[in-house]
Structures are given as structure tokens and as C-alpha cells.
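Student: I would like to go through this structure and ask what each label rests on. Where do we start?

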Amino acid sequence: MKIAVIGQSLFGQEVYKELKKNGHVIVGVFTIPDKDGKADPLGTEAEKDGVPVFKFPRWRLKGKAIDEVVEQYKAVGAELNILPFCSQFIPMEVIDHPRHGSIIYHPSLLPRHRGASAINWTLMHGDKKGGFTVFWADDGLDTGPILLQKECDVEPDDTVNTIYKRFLFPEGIKGMVEAVRLIEAGKAPKIKQPEEGATYECIQKKDNAKIDWNQPAEAIHNWIRGNDKVPGAWAEVDGKNVTFYGSTLVDNGSTTGQPLEIPGASRPGLVTKNGLILFGNDGKTLLVKNLQFEDGKMIAAAQYFKAGSSTAVELTEEEKSFAEQMMVVWKSILTNVEKIDDSTDFFKSGAASMDVVRLVEEVKLRASQLQLQNEDVYMATTFQEFIQMCVRKLRGEDAEEELIVDYVEMNMNNMTIQMPHQLFINGEFVDAEGGKTYKTINPTNGEPICDVSLAQISDVEKAVAAAKEAFVEGEWGKMNPRDKGRLIFKLADLMEQHQEELATIEAIDSGAVYTLALKTHVGMSIQTFRYFAGWCDKIQGCTIPINQARPNHNLTFTKKEPIGVCAIVIPWNYPLMMLAWKTAACLAAGNTVVLKPAQVTPLTALKFAELTARAGFPKGVINILPGSGSLVGQRLSDHPDVRKLGFTGSTEIGKQIMKSCAVSNVKKVSLELGGKSPLIIFSDCDLDKAVRMGMSSVFFNKGENCIAAGRLFIEESLHDTFVHRVVEEVKKMKIGDPLDRSTDHGPQNHKAHLDKLVEYCEKGVKEGAKLVCGGKQVSRPGFFFEPTVFTDVQDHMFIAIEESFGPVMIISKFKDGDVDGVLQKANATEYGLASGVFTRDISKALYVSERLQAGTVFVNTYNKTDVAAPFGGFKQSGFGKDLGQEALNEYLKTKAVTIEY
């Protein structure tokens, strides 16, 4: 079909491109004249394709069509006019000329919101549904018959920009192309617009965008967002016209803040750390994030009362001298600029990255106390902004907002430990919705440690929104990888400075023996963050040779990009270490995180949150939500803005998470699930080492170890000796307070787990396994369980099949020399997390390690994990890797780019 495109803008450009792609012939493009020497995108695109482009200043003069213009239009021979977005008045002589007439795109559900500001009024009226209409042009104003309509939900905090980008732009392009297809097929309807429900609103301009405060909060919110960003809703504040941006409705807005008198408002606004709280005449509240002054300067609303935030600070004589020195520096760098003045833009004047480094160093020479970062220059690009930023830093006015932490303090382990106990969302510790809490229990004595905030669905929404904003709009998303690495290194240093405190918290919250917590729970966590900090600036793609499009050439390369908002759900056995294993790789890849610690062990995760804030991580990058798996974990699995979920826990829950992630938005998933790891010990082993490592394989961390040896296979000729030696060693183990440096075996993590272990051992005895030692709860306060050894365990028994996740050694014997037979038994499980073999015969060791169906095989050792080695399982033990370079791939996506030249 021969089509004339009449209009302008990026939207018009994209419609034009799609029509050409669909095989239509564009016989002419009629767009607006160049403005300030810059052509409209639609015209530019058409000119590249050799399509005739006409740039008429006007089509009519004194209400009549201009004959020469109409004749030039008719000469292109269009069969259909397409008006995707047109700001000019097109005469009916043009509208009616083509055989198929003219169709127009309008960004509302006609007949509602006729007029040029339809999107604004959709929001200002608080419509729950929005959308667009493609209609047949007539001589009325947006009154022609409807060809097609598409609708969408209007989100509570949508602005003109968000609803346009999310729906009206992408779906509108498809809608215009679909309309043309229907016309070409002779199936395009002409549905008369009903008069019922029809509205027409004026063009929204600055002078009619003033806020009426005598309305409910929701109406004020709708007015502000409906004018955001253009033309901008404004009101008088302190005698000046101030424009309001970034409005959201909030429940029970903070009542703590500095009052701000606003003429006409039902009560003063409140400047809080989150923004400006405003009140409707119904007493309900909304929050505004940004304010703009008449001179065009925009500030965060939270900064309204801070010195120099809204207007330029007046310089002292000493500061003026510094400014003069810096003007000389700028001139020496920007040699092509004749004169440096307040409006000179560093980068628009030709400065590059090396010039930034030089500028920062020049500042240090002239003001050693002023430690600028490269990022500071990028945030203050004009000379005036640069000087203002430097002066504020010299005065200490830009100091970071103090982190407010409501600690629970305890004196123990020869120190005072300080434990945050609230949710951590968007860089702040906050109470859960409705003030809901629960008690976290010390497994050593069964008594509460403190009340911890219990996250609700609304808290998940806030955390995910904060993480998304940090990724899409925030500083983290713009930060270069090396600077991200520096932040992660700084975090690891802070964790090291607090390692004794972290280990003590881990001991009282999870029951981990303090010395083990110090070395493994905390020590390996620090190593993990340092390891992945080093990876931040080494994530790279590759170039790929492909078949050339002769006579042209092609270049294909791949990019590794962060996924976005990632959810991490971790277990209770290694609270801090499991956090580190997943979070470090996730951050190194450039993502943001919403993490749910196990409900029974939240305290080290919250302490970690505090340290991330003190390390300088931008708000929203890391969010911690203690809460139930059925509520918080499930919502994270279902959430459409979460693009990746990493989970460590049971196979049963892993399956449920995988299903939810698939149904919701096919989010990427990695799962580290249950295990029943076999350990095969041959009679030719180093017996002393096999006994020592065999003990560790089961009793390490009280058996609460995902890779614990769930079943030991001992060669028959060694069996009795091995069992005897193990029982002797078990008798030497000291059970007691995990903070006692001589304790070998602390309490199980929580009461429910202790009860399961008792039941597990009772089943083993009932089925005929021989209980050699242990099998009972220790008679003392707390959740202590005896280290336990079973022998004569047969393949069909419950304890041979199921994981105990506790200090229970399951021993079976196999015939001497029957390597293949024991391998068959070892692999006869649905799990495949880890495995081990002890033998002095290297050939046998390699033979066995090749055939064991597990993600990790230990040979003549056990529990030997390292931050550089990938960790993860096979079969129903899950998929995906923690640790090592491979872990980064779990939090990255690969993009292929092909260029023809």
C-alpha cells in the first residue's frame, strides 16, 4: 500500500520504520521544519532511505488550505495517510484525498480525553484504565470513527513518562501497524464514537498546572503525576513558584520532619529524610521526591532546608580565591574554550576521562582536605556546579545522612555486640508493615534473643521497588565496575573489622561453635566478598567470527550484562556464609538484591546490612527482609520485577520456587537443594586421616551441613576397625556452650529441627539399623543432640535414603574389592550434591571420582570448599553454581550484537 506519513517525533519514526518493514511503500513523509538546525527524527529517518521529505511550516493560512502545499502532497499519490503524532492542523483536502482516507493515533480511550493533553488528563482524573485509539480522521477534534483500541491498567504511581514508555509507545506502534493491516485486508471497522462519556480537556500548560490543595491526597497525587514531567505541577512555597515531581501515595506518612508552610494547604508539609510529605484535606498523605525552582535547578525534596541546596551558596573571599584558581585549571584543560564562565560545561567542551583524573588531582593540589572522586565531576558538569559542589564539600555540607540503627545490645563473649533487628529497605532500617515482629531464639538455652521485624507483602513491594530503582535509575546502575569492586572490597574490610562480633552473633543465633563461626561462617564470607570484588572489572564478552554478508562485513560480539533485581533466599545452617556465597557474585555482576534470610537466623544478615550502608553502598542496592518463606519467599518468587532468584534449601521448597518462577515471569533460577552425599572408604586408605575426615564429614557444624556425608560405605575388612575408632572419637567430643572455646559440638539450630532428628533416629532403630551411640536429645537446656552412629544400615531403610541434616553417621559395609557394586549403591539416590572417596590407589580414586554422580567429589579429604572452586549439585540437588567464576554466570545475561559495515 502507498502510504504518506504525516507527523513527527520518535513515535512517528518508529511507526514509519515498522510500516516499511512490513512491505508498505512510503511515498512521502510530511514533517515539521528543522528547529535550531536539528531535523525531526521522522524526517531524518526518511531522508536516509531516500523517501521524499516535505517540511511545510503550515498547511493552512487564515483557515484555508494553502494550494501549493496541497498540490505537492497530492503529487506523491498516497492511498492512505498515517498520522502517528502530528502537531500541525491538516486541512480536510489532505485528510480526505487518499482512497482509504486518513487514520490518527490518539493516546486515550476515545471518546474520553479528546484533546492534545490526553495522557496528562488520564492521570489527573485518576483513571484506572488507560490506552490508545486509532481512529479515522474527520473534520471534528478527535471525533472520527474508531478503528481499534487497546487498553492497559494505570498503575497508582504512573507518570506520563512511565505509562508512555511501558504501553502507549511500544503498543501504539504495533497498533498503528495492525490498523494498516486491517485496512489493506478490507477488514478495518468504522465504529461511531458514542457521545456518552465523551470529554474534551484543554492543552495542559504551566499556567494552568497550579496545585489546588483543597482536595483529598489522592487527587493532589493524581494532579502532580499527571503533570510530571511536562508541564510540571507547581505551587507557591516561601514566595517562589516550586514544581513538584515524583509523587507517590503513602500510608501513614512520617510525622517526624521539619514543617514547611505551603499557602492553601490544609496543614504544613513535612521535609523528611525520604522526601516531602504533603497532606490532603482528608488527612491522608503523599510523598514528593523532587522539587524544581524557577531557575531550573532541581533538588531532592529531602534537601529543601539544607544550606545551599536550593540556591547557590555565597562564597567567602577564600572560596572566591579557590574558584579563581579552578577557573585557571579549567582553562588549561579546555584549551579550545575561549573563556570559562559559570555555564561552561566540562564535557560538552570536549573533556575526556583523562581530563577528569587531571582535574581531581589539580583540586587535591589546591585543597588537600578536599578528596574528590571522579564521579563527583560527572555529577557537577558546569563550572558553577563544580565550584558549588567543591565549596559544599569543603564546608562539610554534603556529609552523608547518618545511618539510624535501633540496636539490641548485649554484653557477652568479652564484648558488647550491637544487633540491628528491623527490616533493611532502601538503605534504612525500618519496622515491618503494621509493626509486626517475632522472637528469634538462642538455641543454646531456648530463650529469646530479641524481637525481629517480620516482613509483610507490602514490605516486599517496597524492597523490590527500591532495588529496581537503584538498578535502573540509581547511582549503582551508572557506577563503573571497578568502583563497584572497591565498594565490595571495603565491605569485606568492614566485615573483617567486625568479625568477632559477627561470629558471636552467629553463635547465639544459629548455635555455631564460636571458633568455627570465626573461621568458616565469617572467615569464608570475607574471603568470598574479596574474591568476587576482584571479578567486577574482569567480566567480559568475546568476538565471534560469523558468515559475512558479502560484499559487506560483519562484526559479532557478546556482552555480559547484569540481570537486574535478584532475590536471594538462604537457609539457616550457615546464615552469613550462604548470604556471602550468593550475594557477592550477584553484586559483582552489577545486580541489586532483595535477600530473605532464614526466619530462625536473621541477625547476621541484618548486621551485614548495616555494614553495607557504612561501606557506602547506594540506597536500594541491598535489601534484607526477615520473614516467612510462605509469605516473603513466595512473593519474591512471584514478583514480576524480580528477574533472578537464587535459593538454598530443601528440594521440596526448591521445586515450588521453580514452578512459581516459571509461572510468574520465567525468571532465571539457581537451586542448591538437598543431599545424601556418599563417602566411600576403602581398606587401603590412610586410616587415621579417614577417621578424622569421616568424623568431620558428618559432625562438622553439628551435621547442619549441606554436603555432609549422608551415608558412609566402609569396605568390609576395614568396617569394624573404622567403627570402633569413630565411636572412641565421638566419646571425646565436648558438647556445650558454643561460646566456650573448648566446645566441639553446639546445639542444633532450632527446636523443630531437634524434634525431627529425634524422630529420624527412632525410625532408624525401628527399621533395624544398629544404634551404636547417641540418638537422643541431651538432657540440658537448649536444643542439643548427641552425636550419633548407626551401622548395619540397609539400602531400603529410611535413614539410608533420607537426609538427616544433623550429627548422624549412617554406616553401611560393602564387600572387599567390589568397586562397581559400591558405586551403584552410592549413586542410587535422587541427590547429587557432594561425594567422597578415601584410598591410596590413585587409579581407583580417579575411577570412582569419574563415576560418582555428584557436583563435588572429594578425594582423601572432605568439606574442602574454596571461594575459587564452583559448588553445586546434580539431579534433585539442584542446578547452578555458587563460588568460582561460574557463579557469575548465574547473575549475568549474554547479549549478542551483530554489526554490518
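Tutor: With glycine 485, which lies in helix α14 (residues 481-497). Helices are DSSP runs of H or I with at least four residues, strands are E runs of at least two, and both are numbered from the N terminus. This is a predicted model: local features need pLDDT of at least 70, side-chain atom pairs count only at pLDDT 80 or more, and totals for chains, interfaces and linings use all residues. Residues are numbered from 1 along each chain as its sequence is written, and side-chain values use heavy atoms, with hydrogens and water left out.

Student: Why is glycine 485 called buried?

Tutor: Buried means under 20% relative accessible area, exposed means over 50%, and partly exposed is in between (1.4 Å probe, protein chains only). Glycine 485 has 4%, so it is buried.

Student: With which residues is glycine 485 in contact, neighbours within four places in sequence aside?

Tutor: With Ala533 and Cys536. Contact means heavy atoms within 4.5 Å. Aspartate 537 is 52 residues away from glycine 485 in sequence, and their C-alpha atoms are 7.3 Å apart.

Student: Is lysine 751 buried, exposed or partly exposed?

Tutor: Its relative accessibility is 40%, so lysine 751 counts as partly exposed. Its place is in helix α23 (residues 751-766).

Student: What makes isoleucine 277 a buried residue?

Tutor: A relative accessible area of 3%. Isoleucine 277 is found in strand β14 (residues 275-279).

Student: How do you know that the buried residues of α3 sit on the same side?

Tutor: Name them first: Val69, Val70 and Tyr73 are the buried residues of helix α3 (residues 67-74). They cover an arc of only 95° around the axis, so they are on the same side of α3. The arc is that of the directions from the helix axis to the C-beta atoms. On the other side, Asp67 and Glu68 are exposed.

Student: Against what do the buried residues of α3 pack?

Tutor: Against β1 (2-6), β2 (25-30), β5 (64-65), β6 (80-83) and α4 (92-95).

Student: And α19: what makes its buried residues line one face?

Tutor: The buried residues of helix α19 (residues 629-638) are Val632, Gly633, Leu636 and Ser637. Seen down the axis, they fall within an arc of 135°, so they line one face of the helix. They pack against α12 (457-472), β25 (565-569), β26 (592-596), β28 (644-648) and α20 (651-665).

Student: What makes a set of residues a nonpolar core?

Tutor: The members are buried Ala, Val, Leu, Ile, Met, Phe, Trp, Tyr and Cys residues, joined through side-chain atoms within 4.5 Å. The largest such core here has 104 residues. Those with the most contacts inside it are Met495, Phe529, Leu587, Phe617, Ile681, Leu712 and Phe722. Helix α17 (residues 575-588) gives the most to this core, with 11 residues. Apart from it lies another core, of 36 residues, among them Ile3, Val29, Leu147 and Val154.

Student: Which residues does phenylalanine 617 contact, leaving aside neighbours within four places in sequence?

Tutor: Trp476, Leu487, Ile488, Leu491, Leu587, Thr612 and Ile622.

Student: Why is asparagine 863 called buried?

Tutor: Its relative accessible area is 16%, so asparagine 863 is buried. Asparagine 863 lies in the loop between β37 (856-859) and β38 (874-875). Its phi is near 60°, a positive value in a residue other than glycine.

Student: How many helices and strands does the protein chain have?

Tutor: It has 27 helices and 40 strands. Buried residues make up 53% of its 901 residues.
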